Amino acid sequence: MPAATLPSLAYRPQRGRFDEAVDDDGALRPAWARLVSALGTTTPTLFAERQRQADRLLDAEGAGHLVHQISLERTKIPETPGSSFRLDPLPFPISREEFAVLADAAVQRMRVLELVLADVYGPRHLVRDRILPAQTLYALPTFRPGGMPRQRRLVTYAVDVARGADGRWGVLRDITDAAGGLGVSLLLRSVLARLLPEALRLAGVAPIQDHFVALRRALLACAPSDRRSPRCVLLTPGPAYRAYVEHSYLATQLGYHLVGGADLVMREGRLWLRALDGLEAVDVLFRRVSDDELDPLEARTTAGVGVPGVVWGAGRGGIGVANAPGTAVAQEREVADVLDAAARHLIGEPLQMQRLTEPELATTPIVGQLGPSFDSGQVVLRLHAVAGPDGISVMPGATARLVPARGGAAVSRMTVLKDVWVIGAAASRRVVVRAPAAPQVDLFTSLPKRAADALFWLGRAAERAEVAARTAREVRGQLDRDPGLAIEPGGWAAGALALLRAA
């Protein structure tokens, strides 16, 4: 493999900071050298064209625009506008060895956070030993003094990490409530697999579909022990929320029903889906709804978002919820401040990766917005972990989010995304980008009532559109054959207009 140099990437790094792609001598780092070699031609013009192709593919998936924003404007629901995102077609490569260090740190943090949740909702030794003061814990709005279900609390976990300007990795934020980004990761990989199929193979990029198999196993393991063939659904806040496209895509890949709060009902301690054939039992709820909106009987919530009584049902053991109600407390800043001390207390060792305190981050190449060059940007990586019957596993890839130049890493709304490629697998390995689907239901016999209602009216609208198109085509055909019909007396024009109105 020929050595890749700075001119082959047409990129100028910022001086005085660690750069992901280029070392101090101007040569590409090993992971970037392998990526550039696999990509072949890396001119900004070519990647500007790939940017347009990526935008088109995301539009085809429904992620490039906001059709559901119309209903949001009509109902005046107070939600942050704009959930579309853009994919930078230049991936973010990281070596398998360096990613293994990040993955080990993520696994350790997930273990510690699970133990912290077990403690604060149990014996509260951290409170007794003054590591987490009682006044701090009870003042947190996400803390549930009534406790939480006695099941595994953290099934999914995400952590935002970034490399500082000095080259060291650090943690920006732990996400333990309803961590987003899994569906986006799979969507971005599927787009780049169509844009850069040979580069994925030549660079030896680790596939990510096995993580979604592990996710499915972990979710089904949350079901009550007496359920032989557990059924799982994915709960979304609805189309008016920013991550709805991701929820829809993820549910499709997992083979689960995408449901809203109005599609579910708690009866006799169990959760049921309102389907055409009546109520159907649900055993596991994979929630993409935040903890404070999960159950309107427990906390503040928007009408129609949560499921009344689901927290009570989970506490009785009638339904498995992932992640369990009450896990949001572990991502609070006050808990993050004492997490290293908690780790020493609970597992007898410090955290492998500490919080990032410096304001500046390392730089990395990004496709310029105007297309003439590769620009220098800063990114934050979101790693995803899942805890299942086989232990904790980390997805061998991530989503890198571009930090705006004038915003801080922790507070910016980052909408330009990169697919993170873990480099180092055998080049001959076949790359699969879709998680094998395992639908649990037959849509002909099991369909939520609201979805059936929407399909009915969609069909009626399609029929009306077809009739209108056929009528207009016939009228146009008659006019093409005899243009004088439009001006001759006799009422042809009036009849044609009436026919069009009726259609």
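A cavity is here a set of points, on a 1 Å grid over the protein atoms alone, where a 1.4 Å probe fits but cannot get out; grid points are joined across faces, edges and corners, and a volume is the space filled by probe spheres set on the points. The structure is a predicted model, in which local features need pLDDT of at least 70 and side-chain atom pairs count only at pLDDT 80 or more, whereas totals for chains, interfaces and linings use all residues. Residues are numbered from 1 along each chain as its sequence is written, and side-chain values use heavy atoms, with hydrogens and water left out.

One cavity of 30 Å³ or more is present in the structure, and the volume of the largest cavity is about 40 Å³. Its lining, defined by residues that have an atom within 4 Å of a point, consists of Glu-20, Phe-92, Arg-163, Trp-169, Ala-362, Thr-364, Val-379 and Leu-381. By class, five lining residues are nonpolar, one is polar and two are charged; Ala, Val, Leu, Ile, Met, Phe, Trp, Tyr, Cys and Pro count as nonpolar, Asp, Glu, Lys and Arg as charged, and the others, Gly among them, as polar.

The chain contains 15 helices and 16 strands, assigned as DSSP runs (helices H or I, at least four residues; strands E, at least two) and numbered from the N terminus. Of its 503 residues, 51% count as buried, the term denoting under 20% relative accessible area, with exposed set at over 50% and partly exposed in between (1.4 Å probe, protein chains only). Contact requires heavy atoms within 4.5 Å. Among contacts between residues at least 6 apart in sequence, 71% join residues at least 24 apart.

The buried residues of H2 include Phe-47, Arg-50, Asp-55 and Leu-58. Their cover includes helix H1 (30–39), helix H7 (182–195) and strand E13 (374–388). H2 is followed by Gly-62, which has a positive phi near 85°.

In helix H7, 13 of the 14 residues are buried, so the helix is largely enclosed by the rest of the structure. Leaving aside neighbours within four places in sequence, Ser-185 is in contact with Ile-208, His-384, Met-395, Ala-398 and Thr-399. The C-alpha atoms of Ser-185 and Arg-382 are separated by 9.6 Å, although these residues are 197 residues apart along the chain.

His-247, in helix H10 (residues 244–254), is buried at 7% relative accessible area. Beyond neighbours within four places in sequence, the contacts of His-247 are Leu-234, Thr-236, Pro-237, Leu-258 and Arg-288.

Several backbone features occur in loops. The peptide bond from Ala-322 to Asn-323 is cis, with omega near -5°, and Asn-323 is found between strand E11 (320–322) and helix H12 (333–337). Arg-124, a residue other than glycine, has a positive phi near 60° and counts as partly exposed at 22% relative accessibility. Glu-268, also not a glycine, has a positive phi of about 55°; it is found in the loop between strand E7 (264–267) and strand E8 (270–275) and counts as exposed at 78% relative accessibility.

Key:
On a 1 Å grid over the protein atoms alone, a cavity is a set of points where a 1.4 Å probe fits but cannot get out, and a pocket is an open set with protein on both sides within 12 Å along at least five of seven lines; lining residues have an atom within 4 Å of a point.
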